[in-house]
Amino acid sequence: MGDQTDVQHTAQSAQTVPDGSLVGIVGAGTMGIGVAQCFAEAGLPVVVVDNDPGALASGPDRLRAGIRTAALLRRGARQARAGAPAPRAESLVTWTAELADLAAARLVVECAREDEDIKEGILRELDRLCGAETIFASNTSCIPVGRLGSFTGRPDRVIGTHFMNPAPLKDAVEVIRAPETSDLTLERTEGFLAHIGKHALVVRDAPGFVTNRVLMLTLNEAAAVLGEGTADAETVDRIFQDCFGHPMGPLRTADLIGLDTIADSLEVLRRHTGEDRFRPCPLLSRLVAEGRVGRKSGSGFYTYAPQHLVGRGGADRD
(Lines give C-alpha, C1' and ligand atoms only; values in the text may rest on other atoms or scores of the structure.)
Protein backbone atom coordinates (compact mmCIF):
# COMPACT_ATOMS: atom_id res chain seq x y z
CA MET A 1 0.00 0.00 0.00
CA GLY A 2 2.84 2.41 0.79
CA ASP A 3 4.27 2.24 -2.72
CA GLN A 4 0.84 2.70 -4.29
CA THR A 5 0.14 5.72 -2.09
CA ASP A 6 3.47 7.27 -3.05
CA VAL A 7 2.71 6.80 -6.75
CA GLN A 8 -0.75 8.34 -6.34
CA HIS A 9 0.71 11.30 -4.43
CA THR A 10 3.36 11.87 -7.12
CA ALA A 11 0.73 11.75 -9.87
CA GLN A 12 -1.52 14.19 -8.02
CA SER A 13 1.42 16.53 -7.38
CA ALA A 14 2.45 16.44 -11.04
CA GLN A 15 -1.09 17.46 -12.03
CA THR A 16 -0.60 20.76 -10.17
CA VAL A 17 1.73 21.93 -12.99
CA PRO A 18 -0.39 23.21 -15.89
CA ASP A 19 0.92 22.59 -19.40
CA GLY A 20 3.08 25.42 -20.64
CA SER A 21 3.89 26.76 -17.18
CA LEU A 22 6.80 29.18 -17.57
CA VAL A 23 9.82 28.52 -15.37
CA GLY A 24 12.43 31.21 -14.77
CA ILE A 25 16.06 30.49 -13.95
CA VAL A 26 18.25 33.28 -12.57
CA GLY A 27 21.91 32.53 -13.22
CA ALA A 28 23.51 30.90 -16.27
CA GLY A 29 26.33 29.21 -14.38
CA THR A 30 26.79 25.46 -14.01
CA MET A 31 23.78 24.97 -11.75
CA GLY A 32 21.52 27.36 -13.61
CA ILE A 33 22.15 25.60 -16.92
CA GLY A 34 21.64 22.19 -15.33
CA VAL A 35 18.35 23.18 -13.68
CA ALA A 36 17.15 24.79 -16.92
CA GLN A 37 17.88 21.53 -18.73
CA CYS A 38 15.77 19.58 -16.22
CA PHE A 39 12.68 21.71 -16.83
CA ALA A 40 13.16 21.98 -20.60
CA GLU A 41 13.58 18.22 -21.01
CA ALA A 42 10.28 17.83 -19.17
CA GLY A 43 8.59 19.99 -21.81
CA LEU A 44 8.25 23.27 -19.89
CA PRO A 45 9.24 26.64 -21.39
CA VAL A 46 12.24 28.14 -19.60
CA VAL A 47 13.71 31.65 -19.49
CA VAL A 48 17.30 31.91 -18.26
CA VAL A 49 18.42 35.32 -16.98
CA ASP A 50 22.00 36.45 -16.43
CA ASN A 51 23.60 39.87 -16.73
CA ASP A 52 26.99 38.40 -17.67
CA PRO A 53 27.20 38.61 -21.51
CA GLY A 54 29.78 35.82 -21.61
CA ALA A 55 27.58 33.44 -19.63
CA LEU A 56 24.60 34.19 -21.87
CA ALA A 57 26.63 33.78 -25.06
CA SER A 58 28.03 30.40 -24.00
CA GLY A 59 24.76 29.21 -22.41
CA PRO A 60 23.20 27.53 -25.48
CA ASP A 61 26.37 25.55 -26.24
CA ARG A 62 26.69 24.45 -22.61
CA LEU A 63 23.03 23.44 -22.57
CA ARG A 64 23.46 21.36 -25.72
CA ALA A 65 26.54 19.71 -24.23
CA GLY A 66 24.60 18.91 -21.06
CA ILE A 67 21.75 17.37 -23.02
CA ARG A 68 24.14 15.21 -25.05
CA THR A 69 25.98 14.06 -21.94
CA ALA A 70 22.77 13.22 -20.08
CA ALA A 71 21.44 11.28 -23.07
CA LEU A 72 24.60 9.15 -23.13
CA LEU A 73 24.48 8.44 -19.39
CA ARG A 74 20.81 7.75 -18.91
CA ARG A 75 19.52 4.22 -19.26
CA GLY A 76 16.13 2.57 -19.80
CA ALA A 77 13.22 4.05 -17.91
CA ARG A 78 15.20 7.05 -16.72
CA GLN A 79 15.88 8.06 -20.31
CA ALA A 80 12.21 7.66 -21.18
CA ARG A 81 11.21 9.84 -18.22
CA ALA A 82 13.48 12.64 -19.38
CA GLY A 83 10.64 13.93 -21.59
CA ALA A 84 11.25 15.92 -24.76
CA PRO A 85 14.05 14.96 -27.17
CA ALA A 86 17.16 17.12 -27.19
CA PRO A 87 16.25 19.48 -30.09
CA ARG A 88 12.88 20.30 -28.53
CA ALA A 89 14.43 20.86 -25.11
CA GLU A 90 16.86 23.37 -26.60
CA SER A 91 14.06 25.20 -28.37
CA LEU A 92 12.14 25.64 -25.11
CA VAL A 93 14.92 27.74 -23.51
CA THR A 94 15.12 31.51 -23.97
CA TRP A 95 18.13 33.58 -22.90
CA THR A 96 17.95 37.15 -21.62
CA ALA A 97 19.65 39.72 -19.42
CA GLU A 98 16.36 41.14 -18.13
CA LEU A 99 14.61 39.95 -14.97
CA ALA A 100 11.46 41.61 -16.32
CA ASP A 101 11.20 38.71 -18.79
CA LEU A 102 10.24 36.49 -15.83
CA ALA A 103 7.08 38.47 -15.03
CA ALA A 104 4.81 35.64 -16.22
CA ALA A 105 6.73 32.79 -14.59
CA ARG A 106 4.86 30.45 -12.25
CA LEU A 107 8.12 29.31 -10.67
CA VAL A 108 11.48 31.11 -10.51
CA VAL A 109 14.55 29.15 -9.44
CA GLU A 110 17.29 31.50 -8.25
CA CYS A 111 20.73 30.04 -9.00
CA ALA A 112 22.89 33.10 -8.40
CA ARG A 113 26.23 33.12 -6.64
CA GLU A 114 26.18 32.27 -2.93
CA ASP A 115 26.29 35.90 -1.87
CA GLU A 116 23.51 37.22 0.34
CA ASP A 117 23.65 40.76 -1.04
CA ILE A 118 23.36 39.53 -4.63
CA LYS A 119 20.46 37.25 -3.77
CA GLU A 120 18.72 40.05 -1.87
CA GLY A 121 18.88 42.35 -4.90
CA ILE A 122 17.52 39.66 -7.20
CA LEU A 123 14.68 38.66 -4.89
CA ARG A 124 13.59 42.24 -4.21
CA GLU A 125 13.43 42.93 -7.94
CA LEU A 126 11.61 39.68 -8.68
CA ASP A 127 9.11 40.48 -5.94
CA ARG A 128 8.33 43.75 -7.71
CA LEU A 129 8.12 42.22 -11.19
CA CYS A 130 6.39 38.86 -10.76
CA GLY A 131 2.76 38.00 -10.15
CA ALA A 132 1.53 37.44 -6.62
CA GLU A 133 1.25 33.67 -7.14
CA THR A 134 4.81 33.18 -8.41
CA ILE A 135 6.92 30.89 -6.23
CA PHE A 136 10.53 31.89 -5.59
CA ALA A 137 12.70 28.78 -5.14
CA SER A 138 16.32 29.40 -4.20
CA ASN A 139 19.09 26.98 -5.04
CA THR A 140 21.06 28.47 -2.15
CA SER A 141 23.76 26.24 -0.72
CA CYS A 142 23.75 27.54 2.84
CA ILE A 143 21.81 30.78 3.41
CA PRO A 144 18.70 30.18 5.55
CA VAL A 145 15.58 30.32 3.38
CA GLY A 146 13.72 32.34 5.99
CA ARG A 147 16.36 35.04 5.59
CA LEU A 148 15.85 35.05 1.81
CA GLY A 149 12.09 35.19 2.22
CA SER A 150 12.45 38.30 4.37
CA PHE A 151 13.69 40.18 1.29
CA THR A 152 10.27 39.80 -0.32
CA GLY A 153 6.67 40.66 0.48
CA ARG A 154 5.73 37.00 0.01
CA PRO A 155 7.80 34.91 2.46
CA ASP A 156 5.05 32.27 2.33
CA ARG A 157 5.94 31.69 -1.34
CA VAL A 158 9.71 31.38 -0.85
CA ILE A 159 11.27 27.92 -0.56
CA GLY A 160 14.66 26.28 -0.98
CA THR A 161 15.26 23.82 -3.82
CA HIS A 162 18.84 22.64 -3.45
CA PHE A 163 19.59 20.74 -6.66
CA MET A 164 22.71 18.58 -6.68
CA ASN A 165 25.37 18.81 -9.40
CA PRO A 166 24.97 17.63 -12.13
CA ALA A 167 21.28 18.47 -11.77
CA PRO A 168 19.99 16.48 -14.79
CA LEU A 169 21.48 13.25 -13.43
CA LYS A 170 20.46 13.53 -9.76
CA ASP A 171 17.01 12.24 -8.87
CA ALA A 172 16.71 13.92 -5.45
CA VAL A 173 16.39 17.58 -4.49
CA GLU A 174 16.85 18.83 -0.94
CA VAL A 175 13.79 21.02 -0.35
CA ILE A 176 14.06 23.51 2.49
CA ARG A 177 10.90 24.74 4.16
CA ALA A 178 11.20 27.90 6.22
CA PRO A 179 8.71 28.51 9.06
CA GLU A 180 6.92 31.03 6.81
CA THR A 181 6.70 28.73 3.75
CA SER A 182 3.06 27.80 3.16
CA ASP A 183 1.65 24.32 2.64
CA LEU A 184 0.52 25.34 -0.84
CA THR A 185 4.01 26.52 -1.81
CA LEU A 186 5.49 23.23 -0.66
CA GLU A 187 2.82 21.23 -2.52
CA ARG A 188 3.30 23.17 -5.75
CA THR A 189 7.08 22.93 -5.51
CA GLU A 190 6.86 19.18 -5.02
CA GLY A 191 4.54 19.12 -8.05
CA PHE A 192 7.10 20.87 -10.24
CA LEU A 193 9.83 18.51 -9.06
CA ALA A 194 7.65 15.44 -9.69
CA HIS A 195 6.91 16.80 -13.16
CA ILE A 196 10.63 16.77 -14.01
CA GLY A 197 11.22 13.34 -12.48
CA LYS A 198 12.74 14.45 -9.18
CA HIS A 199 11.73 13.53 -5.67
CA ALA A 200 11.82 16.02 -2.82
CA LEU A 201 13.59 15.39 0.47
CA VAL A 202 12.07 18.02 2.75
CA VAL A 203 14.10 19.42 5.63
CA ARG A 204 13.67 22.26 8.10
CA ASP A 205 15.40 25.57 7.58
CA ALA A 206 18.87 26.01 9.09
CA PRO A 207 22.26 27.29 7.89
CA GLY A 208 23.54 24.74 5.36
CA PHE A 209 20.44 22.56 5.87
CA VAL A 210 21.57 18.88 5.93
CA THR A 211 23.74 18.51 2.83
CA ASN A 212 26.11 21.42 3.15
CA ARG A 213 26.17 21.59 6.92
CA VAL A 214 27.97 18.24 6.68
CA LEU A 215 29.54 18.30 3.20
CA MET A 216 31.31 21.67 3.43
CA LEU A 217 33.14 20.63 6.59
CA THR A 218 34.21 17.38 4.89
CA LEU A 219 35.53 19.15 1.79
CA ASN A 220 37.33 21.76 3.87
CA GLU A 221 38.99 19.10 6.04
CA ALA A 222 40.02 17.12 2.95
CA ALA A 223 41.70 20.27 1.61
CA ALA A 224 43.34 20.80 5.02
CA VAL A 225 44.91 17.33 5.16
CA LEU A 226 46.16 17.83 1.59
CA GLY A 227 47.63 21.22 2.53
CA GLU A 228 49.32 19.74 5.58
CA GLY A 229 50.97 17.04 3.47
CA THR A 230 49.21 14.07 5.10
CA ALA A 231 48.48 12.62 1.65
CA ASP A 232 48.37 13.72 -1.98
CA ALA A 233 45.06 14.54 -3.70
CA GLU A 234 44.79 11.19 -5.47
CA THR A 235 45.31 9.26 -2.24
CA VAL A 236 42.79 11.37 -0.31
CA ASP A 237 40.16 10.66 -2.93
CA ARG A 238 41.06 6.97 -3.29
CA ILE A 239 40.60 6.48 0.47
CA PHE A 240 37.05 7.80 0.23
CA GLN A 241 36.35 5.80 -2.93
CA ASP A 242 37.88 2.48 -1.85
CA CYS A 243 37.07 2.59 1.87
CA PHE A 244 33.70 4.35 1.90
CA GLY A 245 32.32 3.75 -1.59
CA HIS A 246 32.26 7.40 -2.64
CA PRO A 247 32.13 7.68 -6.45
CA MET A 248 34.59 10.60 -6.72
CA GLY A 249 36.17 11.47 -3.40
CA PRO A 250 36.02 14.86 -1.65
CA LEU A 251 38.66 16.75 -3.65
CA ARG A 252 37.26 15.85 -7.09
CA THR A 253 33.83 16.67 -5.71
CA ALA A 254 35.13 20.06 -4.58
CA ASP A 255 36.56 20.76 -8.03
CA LEU A 256 33.21 19.85 -9.59
CA ILE A 257 31.27 22.16 -7.26
CA GLY A 258 33.78 25.00 -7.59
CA LEU A 259 36.25 26.01 -4.89
CA ASP A 260 34.93 29.57 -4.92
CA THR A 261 31.43 28.28 -4.21
CA ILE A 262 32.78 26.17 -1.35
CA ALA A 263 34.67 29.10 0.15
CA ASP A 264 31.58 31.32 -0.13
CA SER A 265 29.42 28.62 1.47
CA LEU A 266 31.83 28.13 4.35
CA GLU A 267 31.85 31.86 5.06
CA VAL A 268 28.04 31.92 5.01
CA LEU A 269 27.97 29.01 7.48
CA ARG A 270 30.52 30.72 9.71
CA ARG A 271 28.54 33.96 9.69
CA HIS A 272 25.16 32.35 10.39
CA THR A 273 26.35 29.83 13.01
CA GLY A 274 29.10 31.91 14.63
CA GLU A 275 31.33 28.81 14.58
CA ASP A 276 34.94 29.26 13.47
CA ARG A 277 35.22 25.60 12.39
CA PHE A 278 33.65 26.72 9.10
CA ARG A 279 36.59 29.02 8.26
CA PRO A 280 38.10 28.02 4.85
CA CYS A 281 41.45 26.30 5.33
CA PRO A 282 44.61 28.03 4.02
CA LEU A 283 44.99 25.85 0.90
CA LEU A 284 41.37 26.39 -0.15
CA SER A 285 41.67 30.15 0.34
CA ARG A 286 44.92 30.28 -1.62
CA LEU A 287 43.56 28.36 -4.61
CA VAL A 288 40.51 30.62 -4.77
CA ALA A 289 42.71 33.74 -4.59
CA GLU A 290 44.77 32.37 -7.49
CA GLY A 291 41.65 31.73 -9.58
CA ARG A 292 42.17 27.98 -9.49
CA VAL A 293 38.58 27.16 -8.60
CA GLY A 294 38.14 23.71 -10.12
CA ARG A 295 36.81 22.31 -13.38
CA LYS A 296 35.29 25.56 -14.58
CA SER A 297 38.68 27.32 -14.47
CA GLY A 298 40.78 24.39 -15.69
CA SER A 299 42.51 23.64 -12.40
CA GLY A 300 41.88 23.29 -8.69
CA PHE A 301 43.06 20.29 -6.72
CA TYR A 302 43.49 18.67 -10.15
CA THR A 303 44.15 19.95 -13.69
CA TYR A 304 41.48 19.53 -16.39
CA ALA A 305 41.43 19.43 -20.17
CA PRO A 306 39.91 22.45 -21.98
CA GLN A 307 36.60 20.68 -22.74
CA HIS A 308 35.75 20.77 -19.03
CA LEU A 309 35.79 24.56 -18.91
CA VAL A 310 32.41 26.27 -18.43
CA GLY A 311 31.22 29.81 -17.93
CA ARG A 312 30.67 30.90 -14.38
CA GLY A 313 27.57 33.02 -14.84
CA GLY A 314 25.62 33.66 -11.69
CA ALA A 315 23.59 36.82 -12.34
CA ASP A 316 25.74 39.11 -10.19
CA ARG A 317 23.28 41.96 -10.53
CA ASP A 318 23.96 45.46 -9.15
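A salt bridge with an N to O distance of 3.1 Å joins the side chains of Asp260 and Lys296; the term denotes a side-chain nitrogen of Lys or Arg within 4 Å of a carboxyl oxygen of Asp or Glu. The pair connects distant parts of the chain, since Asp260 lies in helix 12 and Lys296 in the segment after helix 13, 36 residues apart. Helices (H or I, at least four residues) and strands (E, at least two) are DSSP runs numbered from the N terminus. Both Asp260 and Lys296 are buried. Buried means under 20% relative accessible area, exposed over 50%, and partly exposed in between, with a 1.4 Å probe and protein chains only.

The model is predicted: local features need pLDDT of at least 70, side-chain atom pairs count only at pLDDT 80 or more, and totals for chains, interfaces and linings use all residues. Residues are numbered from 1 along each chain as its sequence is written, and side-chain values use heavy atoms, with hydrogens and water left out.

The protein chain contains 13 helices and 8 strands. Of its 318 residues, 47% are buried. Its accessible surface is about 14,200 Å², and carbon and sulfur atoms account for 53% of this; accessible areas come from the Shrake-Rupley method with a 1.4 Å probe, and for residues only the protein chains shown count as cover. Among contacts between residues at least 6 apart in sequence, 71% join residues at least 24 apart, where contact means heavy atoms within 4.5 Å.

The structure holds 22 salt bridges. Side chains of opposite charge can pair when their charged atoms come close. Arg188 and Glu133 form one of the salt bridges through their side chains, at 3.5 Å from N to O. This pair also links distant parts of the chain, with Arg188 in helix 8 (residues 183-195) and Glu133 in the loop between helix 6 and strand 5 (135-138), 55 residues apart. Arg188 counts as partly exposed because its relative accessibility is 26%, and Glu133 is likewise partly exposed at 47%. Another salt bridge, of 3.3 Å from N to O, joins the side chains of Arg286 and Glu290. Arg286 is partly exposed, with a relative accessible area of 44%, and Glu290 is partly exposed with a value of 44%. Through shared partners, salt bridges join Glu133, Asp156, Arg157 and Arg188 into one network.

In soluble globular proteins, nonpolar side chains tend to be buried together. The largest nonpolar core in this model has 51 residues, and those with the most contacts inside it are Leu102, Val108, Leu126, Leu251, Leu259, Ile262 and Phe301. A nonpolar core is a set of buried Ala, Val, Leu, Ile, Met, Phe, Trp, Tyr and Cys residues joined through side-chain atoms within 4.5 Å. Elements that each supply at least two residues of this core include strand 2 (46-49), helix 6 (116-129), helix 10 (233-244) and helix 12 (259-273). Helix 9 gives the most, with 7 residues. Apart from residues up to four places away in sequence, Phe301 touches Ala223, Leu226, Ala233, Leu251, Ala254, Asp255, Leu259, Leu283 and Leu287. A second, separate core has 34 residues, among them Val46, Ala55, Ile159 and Val173.

Glu174 belongs to strand 7 (residues 172-177). Glu174 is buried but has no salt bridge, and the nearest side chain of opposite charge, that of Arg213, is 10 Å away. Lys and Arg count as positive and Asp and Glu as negative, while His and the chain ends are not counted. The side chains of Glu174 and Thr211 are joined by a polar contact of 2.5 Å. A polar contact is a pair of N or O atoms within 3.5 Å; within protein, one must be able to donate a hydrogen and the other to accept it, and residues adjacent in sequence count only if both atoms are side-chain atoms. Leaving aside neighbours within four places in sequence, the contacts of Glu174 include His162, Leu201 and Phe209.

Phe209 lies in the loop between strand 8 (199-204) and helix 9. Its relative accessible area is 6%, so Phe209 is buried. The phi angle of Phe209 is near 60 degrees, a positive value in a residue other than glycine. Asn212, in helix 9, counts as buried because its relative accessibility is 3%. Beyond residues up to four places away in sequence, Asn212 touches Ser141, Cys142, His162 and Leu269. A cis peptide bond, with omega about 0 degrees, joins Asn165 and Pro166. Pro166 is located in the loop between strand 6 (158-163) and strand 7.
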